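Here is a short briefing to read alongside the model. Have the viewer open and follow the topics in turn.

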Amino acid sequence: MELGNNEIRMLKVMQSDPNRAWEMDDILSETGWQDQVHVAGAGKGLQDANMLEIDEITSKVVYLGPDGKKALQEGLLELKIWSWIVNQDEDDQSMKSLMSAGFERGEISTGIGILKGLGVTIDSGRLVIEDEKAISNSIEARSTFIQSLSEGPIASSELDEGMLEHFSTRGSLIEFEESVFRTWRLTKTGSAVEGANLEEVQYIGELTPEMLQTEAWRNGEFKPFDVKLPAPTIAGGRRHPMQALIERIRSVFLEMGFSEIDGDYVQSAGWNMDALYIPQSHPARTMQDTFYLSEPESLKVDEHYLDLWSKVHDHGHDTGSRGWGGSFDKEEAQKSLLRTHTTVNTVRHIAENPDSPSRVFGIGRVFRQETIDRTHMPEFHQIEGIIHEPEASLPMLVSTLKTFYAKMGYPDVRVRPAYFPYTEPSAEVDIRWRGEWLELGGSGIFRPEVTEPLGTEWPVCAWGMGLERLAMLILGLDDIRQLYQPDLERLRKMPLL
Ligand code: PHE
């Protein structure tokens, strides 16, 4: 009987207790091996030789997700709201008081939804509780369940089925992972075979340059490999997927001959909006969308530009436009804010280099007042770019975007007519993903109302696209927050870019 040295070692160890179902850790400590791969490999060899059987029990383990860990510290949402309710006088047990109790909007609607499921009812705005004890008990049971996972993963078979069913429908409170538990047990043949009848062969497990040079491999016997054999996943260090994506985009634009530009987060309303011919009465300029700053409250803008924007906005100046009418407010233009788009960078770049043709791009963070949900965050990134040169044109814009997305792996791109105050024509850019068209951003040719005050007469192809949308697509995520949660398990499993 021919066996490799690892197989013989494992066989001898197992023969010391021939009827036992051996577990991984025991085999490791008895053989002195460090790596589970040896056990899996030798086990497979012995199994092929009919000397042992491998038993596999697949089980699901349950562990706390990011929301679960949060609940561990803050308490479950229903507990927070329930504690508030039972601590109020009966008069104050109403939706109205709850609204002003300092909870977030989303928390109240979700929390009340959960409490309704537990028996709380609402009668003309009043929160009605029939059986306080029962509700308290249910919430306590749920809290205990979450608490029970605080020490680490637990096999789902050991947990309450009703609870598992309940929590698996609630976001990322709990998460599941499949794990396989294996034991190795000798067969009759395996227990009976005697050491003396075994011939040890030195398998070649790894081909070295020496072996190739000395041709030693010719007489050697190769260790059979089974690529389907389970092996531990090695988690080394890696770049955060968002950073990796940013770097890939960067190299695609550099490859296409673009240079990179950058800019400050804090900008004046003038550069962020007026330079782009966004009317001062535009709804997006109000406090609802834009974060205006109180420190510094205003930023000095060059009088030269204030004058030009003022004329262009009021009556078009000599751009051939009639302007927006009304009267431009220079104070408004000097309010300071967190940039709402990276178009401010490309516009400033043109103002600084009005006479030199340029192809530039930038990837940067932008800020808007958004309620956080599955697809929105108040901070996100845009990929911005321009082509500023005498022959810039719409076909050039479209083919540039097509080339960019093709290099990123999305060959199907389409543009649709759109509207932005600063471009004409304007186009929305979509890419095709699994048979569907997904909107990724805006583009167009800057209007003369934008370019003339900047000091150029050349056309400018411009575009601005959301980075997170693209990232979610590439990484297969359905919730934007997953990109930023420090959930190592999930990050490790994200595809390499
Ligand atoms: N700035 C636009 C946005 O934030 C995108 C855009 C950039 C549109 C350049 C046209 C030209 O969505």
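Helix α5 (residues 77–86) and helix α7 (residues 105–117) have axes that come within 9 Å and cross at roughly 85°. That makes α5 roughly perpendicular to α7, a label used for angles of 65 to 115 degrees. This is a predicted model, where local features need pLDDT of at least 70 and side-chain atom pairs count only at pLDDT 80 or more, while totals for chains, interfaces and linings use all residues. Residues are numbered from 1 along each chain as its sequence is written, and side-chain values use heavy atoms, with hydrogens and water left out.

**How elements and axes are set**
- Helices (H or I, at least four residues) and strands (E, at least two) are DSSP runs numbered from the N terminus.
- Axes are lines fitted to C-alpha atoms, for helices over the stretch in contact, and angles run from 0 to 180 degrees between N-to-C directions.

**The α5–α7 contact**
- On the α5 side, the contact (heavy atoms within 4.5 Å) is made by Leu77, Glu78, Lys80, Ile81, Trp82 and Ile85.
- From α7 come Glu107, Ile108, Thr110, Gly111, Ile112, Ile114 and Leu115.
- The residues of this contact divide into eight nonpolar, two polar and three charged; Ala, Val, Leu, Ile, Met, Phe, Trp, Tyr, Cys and Pro count as nonpolar, Asp, Glu, Lys and Arg as charged, and the others, Gly among them, as polar.

**The largest nonpolar core**
- A nonpolar core is a set of buried Ala, Val, Leu, Ile, Met, Phe, Trp, Tyr and Cys residues joined through side-chain atoms within 4.5 Å, with buried meaning under 20% relative accessible area (1.4 Å probe, protein chains only).
- The largest such core has 42 residues, of which Ile249, Phe404, Tyr405, Met408 and Leu470 touch the most other members.
- Elements that give two or more residues to this core include α12 (241–255), α17 (394–408) and α19 (467–475).
- The largest share, seven residues, comes from α19.

**The seven-stranded sheet**
- Seven strands form an open sheet with mixed pairing, in the order β11-β14-β15-β19-β18-β17-β16; strands pair if DSSP finds at least two bridges between them.
- Its edge strands, β11 (259–260) and β16 (413–420), each pair on one side only.
- β11 and β14 pair in the parallel sense over two bridges, and Glu260 has Phe361 of β14 as its bridge partner.
- Helix α16 (residues 343–352) lies across β14, β15, β18 and β19, running at about 30° to β15.

**The β4–β5 hairpin**
- Strands β4 (residues 120–123) and β5 (residues 126–129) run antiparallel, joined by four bridges.
- Two residues lie between them in this hairpin, and Ser124 in the turn has a positive phi of about 35°.

Conventions: Parallel < 35°, antiparallel > 145°, perpendicular 65-115°, else oblique. Buried < 20%, exposed > 50% of the residue type's maximum accessible area, 1.4 Å probe, protein only.
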